[in-house]
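Have the structure open as you read.

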Amino acid sequence: MRNYSGDWYSSDWWAKIDEENYYWHPVVAHAADVAAVMEQLYKKTVLGERFEQLISGELTPQRQARLLVLAAYHDVGKVSKPFQEGEGGHQVPVLSCLGGCLMEPLQLEAFRPWFERPTEWFYATWGHHGEPVDRDVNLRAEDHWPEASLTKAEEFPQHARQWFPAAFSGGEPVSSRRAQHLFNGILTLSDWIASDTRFFPYRRWHDWEEPKDLTDPLAAMQVAKERAHWAVQSLSLSSGVSEGHIDHSWSQILGGHKPYDVQAQMGGLANASAGTLTILESPTGSGKTEGAYRRFLELLAEGYVDSLYFALPTRSAAKQLQIRLTNMRNRTLPSDAHVHLATPGYTRVDDVQETEVERWGELGEGTWASESSKRYTSAPLAVGTVDQALLSCLRNRHAHLRGAGLLRSLLVVDEVHASDTYMEQLLKRVLDLHLSAGGHAVLMSATLGSSARSVYTGEETPGFGEAKGEEYPLVTHVSGSDVKSYSACIPDEEDKTVCVPTDRIITQPDVVAQRAEDAARSGAHVLVIRNTVREARKTFKAISKDLSFRVAGLPCPHHSRYAAADRRLMDRRIEKEYGKGSERSPQQGLVTVATQTVEQSLDIDADFIISDLCPMDVLLQRIGRLHRHSRSGRPSGYWSPRCLVAVPDYDLASRITESGQAWADAGIGSVYQDLRILQATQKVLGSREEIEIPADNRELVESATHPEVLTGLESDPRFEAHARHLEEGQRSLRQSADFGRLDWDEPYREQGFPDERISTRPGFEPISVELPEAVETPFGNETEMITLSYYMFDEPEDIDFENQRVKHLAETESGFEFEFAGQQFHYQSTGLSQNEST
C-alpha cells in the first residue's frame, strides 16, 4: 500500500491508516480536524469560559488562535521517518528535538511571546495521549528527522499561518499553569473526537472521487470545520438547548406534584460565571435529587453549564438514580440529551442496555460517551460513582480528559458525608479545580455535620452549642466569598417519631435472629443490618428459612460478595418485597439480613429494623429505610417505627490498646474505626427512648460527631491515645491523597504519572478475577467475573495478583468453587466465601 519507490517515505504523508481495507487520512487533514474540533469546543461549550476564568482574562480571538495552532501541531511527530514506516511513535521524537533540528522548521521562536514558559505548553501539547511524556536524550535526530521529514515539518507553520493568522500578531502572553492543564484535557478530547471515523472518515488510497483533496490545507480545513460542527452537535457536548426547550417547572420535574420547601429553595439561587457551590442538607426521601436537577436546568438554561454529572457512593445507587433521571429528562429536555450510566461493566444509555444490540444501535452517536469509561464525563447527562469524578484529579492516564469533560457539568455529589479522610481530600481537590475554573457544584447529604460542612465552605466550624441549634433542612450557597444560608421546613406528614431502644446483643447473632423472627411472625417486614458480611452470614444462618428473604426461590442474605448479575437480581427482588408498591400480607412477615448494601441506594420500606451500633449519621441513613412510605395495614405492634440498636455488652474503651488501636466485634474498630463517635452515639441513644425525624437530625449528628464532643471523651486516657492513633492514620491518608493527586499549579510535564493506577478509595482495590469459562450461579445467572477482597488472603502483600489465574473451577451441588492464589473459594446462594459451610 505504501509507495516507497525511490525513497524510504510514502509520497502521501499519513496520520491515520487502515492498511487492511486500504483507507488512510492525510496528516494535514488530521491536524485540521483536531484544531477545528477544539475551536468548536471553545466557541460552542462553556470550556471557553472555563479557560477565561483560569487565565483571569478574555480568551480573545488571538489567544484562541494560538491554542489552535498548538492543536494543529499536536501530531507533527507523525512525519518522522520511523512513524511513517510504521516502526515508531510520534511524541518523543518531537520533544527530543525541539531545541535542535526542529526549532527552525517549526518556527518555534514565534511561540515565545505567546506563553510564559512556552516549553511547558509544548509538553502539554505532545502529551495528548493521556499522560506526560519526556524527551529521549539518546535519540539520534538524523534517524528520525532526515531531510524529507524536516521539509514536511516546515509545512506545519505554513498551514498554521493560513488557518489562524491572528495567532501571529502581537499581544499579552498566557501565564496560567492551570490553563495549561485544561488545554491538555481539551486537546485530548479534541483528538479523540477527530479520530472517530463516524465524524472524520478516512478515504481510500488515491480515491480521486473524494469531493475535496484533503492533502490541500485550505480544503482540509474547510471540510474539518463542517465535520467538527456536526460532531460537537451530535455528541451533545454543547447543550444546544435554548431556554425555550427546557421546562424547569416543578410540575414537570416532579411529575405534577408540588415541591417541598427545601426543593423550592434550590430554585432561583444566585448564579455567577466565577462558579458556585451549593450544599443541600435534607432528610432521606425529601427530594434532594429533584432539587439538584432543578438547579441544573436553571444553570443550563442560562448557559452556565452544558451537562450534568451525578456522583454517588455506590454502583447500585447509580443504577437506581439513572432510571429516575431518565424519567425526569423525558419530562424536561429533548430526547437527544441522553442519560448515561457511568459504571464500568454495566453500560446503559437512557433505558437501553448495551446488550440490547438492536436498540443500542438505534442510539447512534448517542452512545459515544459510554463507549469508554474515560469519556463518561463528556456525556450530556451522566449518573455514576464518585470515583469517576475523583479520577479527574489523580495522576492516572487520561485524568485531564476526564477533567475537561467534568468542567462542562454541574457536578452533584450525593451522600457526601459517606466520604472518608482519603476521599474527602480528593473531593476537595476536585472542587478546588472545578470552582477555580468557574464550575458549579452541589453537595448533598441527609446527615452532614458542621465540621464536615466547613471543610467545603472554608468557614470555621461553629461551636457545639451553635452547631446543634442550626436550622435543618438547610441550603448553603457559596459564590466567591459570599456565603448565604436558606432554611426550609418539612411537611408535618413527613415527621416521624422513632423508638430507638438499645440491647447488648451485638455479639449474639442467634438472639438478633430470634428478635427478627418474632417480628416477622407478627407479620412485619424486617431489615437486619449488620456491619460486616461475617456477622450477616452468622445471623442469616440462624434465621428460619421459611421467613427469609429469597431470590429465585433460594433463601439468602443481601451483601456485597455476589457476582454483579446476582446483585442486580437481588436489588430488584428486595425492592419488590420492600418497595413502595409492594403488597404485604399482615399474616406473613419477612426477614432480610443485610449489610450496608441496603442503607443508601434502595427505595425500600421496612416495618422494623434491627441495626448494629454504627456512627449516628450512618444510623440515621438506616432509619431512613424504616416506615419510608405511607402504608396502611402495617402489622399489629409495628404501626409506629421502631429501630432496635444492637450494642456491645462491654465498655468500648476497654477495647483500646495502649497504642490507641481498637479492635472489637461487628465492625467496631475496623469498618467504623473511630470509637469516640460510636461511644458518643451509644451515649445519645441511651439517654432517650425516642427521636423525632427529621426534627432531631441536626442535634443527633452534632452530639455524636462535633469536635468538642469528641475532645470531651479524651479525658479518658484510653480515648486520648485512640485520638492520637486516629490522627496518625488520617494524616497518612491525607499524605497518600496528596501524593496521588494532580498539581495543576505545577507544569504538566512534571506530574510524574506512576506505573500503577492510583486508587480513588483508601486501602486495596478489589481484585477482579476472570473465570476460565462462564458458570451458572445458584440464581440462574451466568458470570465470567468474580470480585475478591484483598483481605481474603493470608499475607496478600506477597502475592502478585496480576499473574495469578483461576484453577480447578468446578460446579457443586450448591453453586461452584475454584482456587485462586492458593486459596479455595466457594460461591453459593449465601455469596462468595472461603468456607463452604457458610
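## Charges over rings

Lys 545 lies over the face of Phe 540, at 4.6 Å from the ring centre. Arg 395 does something along those lines with Phe 739: its charged end sits over the ring, 4.7 Å from the centre. Keep in mind that this is a predicted model.

## Aromatic pairs

The count of aromatic pairs comes to 26. Take Phe 199 and Trp 230, an edge-to-face pair at 5.3 Å centre to centre, with 70 degrees between the planes. This pair links distant parts of the chain, 31 residues apart: Phe 199 is in the loop between α10 and β3, while Trp 230 belongs to helix α11.

Tyr 293 and Phe 296 make a tilted pair, 5.8 Å centre to centre and 45 degrees between the planes. They're 3 residues apart in helix α14, so about one helical turn separates them. Tyr 293 is buried at 0% relative accessibility, and Phe 296 is buried at 1%. Elsewhere, ring pairs build a cluster that includes Tyr 562, Phe 779, Phe 801 and Tyr 827.

## The sheet

Ten strands form an open sheet with mixed pairing, in the order β8-β7-β6-β9-β5-β10-β11-β4-β12-β13. β8 and β13 stand at the edges with a single partner strand each, so one side of each has no neighbour in the sheet. Strands β6 and β7 run antiparallel, joined by 2 bridges, and Leu 341 stands opposite Arg 348 in β7.

## Helix α15

Does the length of α15 agree or disagree with what its 18 residues should span? It agrees: at 1.5 Å a residue the helix should span 26 Å, and its end C-alpha atoms are 25 Å apart. Its buried residues include Leu 321, Leu 325, Met 328 and Arg 329.

How values were computed: Residues are numbered from 1 along each chain as its sequence is written. This is a predicted model: local features need pLDDT of at least 70, side-chain atom pairs count only at pLDDT 80 or more; totals for chains, interfaces and linings use all residues. Side-chain values use heavy atoms; hydrogens and water are left out. Helices (H or I, at least four residues) and strands (E, at least two) are DSSP runs, numbered from the N terminus. The expected span of a helix is 1.5 Å times one less than its number of residues. Buried means under 20% relative accessible area, exposed over 50%, partly exposed in between (1.4 Å probe, protein chains only). Two strands pair if DSSP finds at least two bridges between them. Rings of Phe, Tyr and Trp (its six-membered ring) pair if their centres lie within 6.5 Å; planes under 30 degrees apart count as stacked, over 60 as edge-to-face and the rest as tilted. A charge sits over a ring if NZ of Lys or CZ of Arg is within 6 Å of the ring centre and within 35 degrees of the ring normal.
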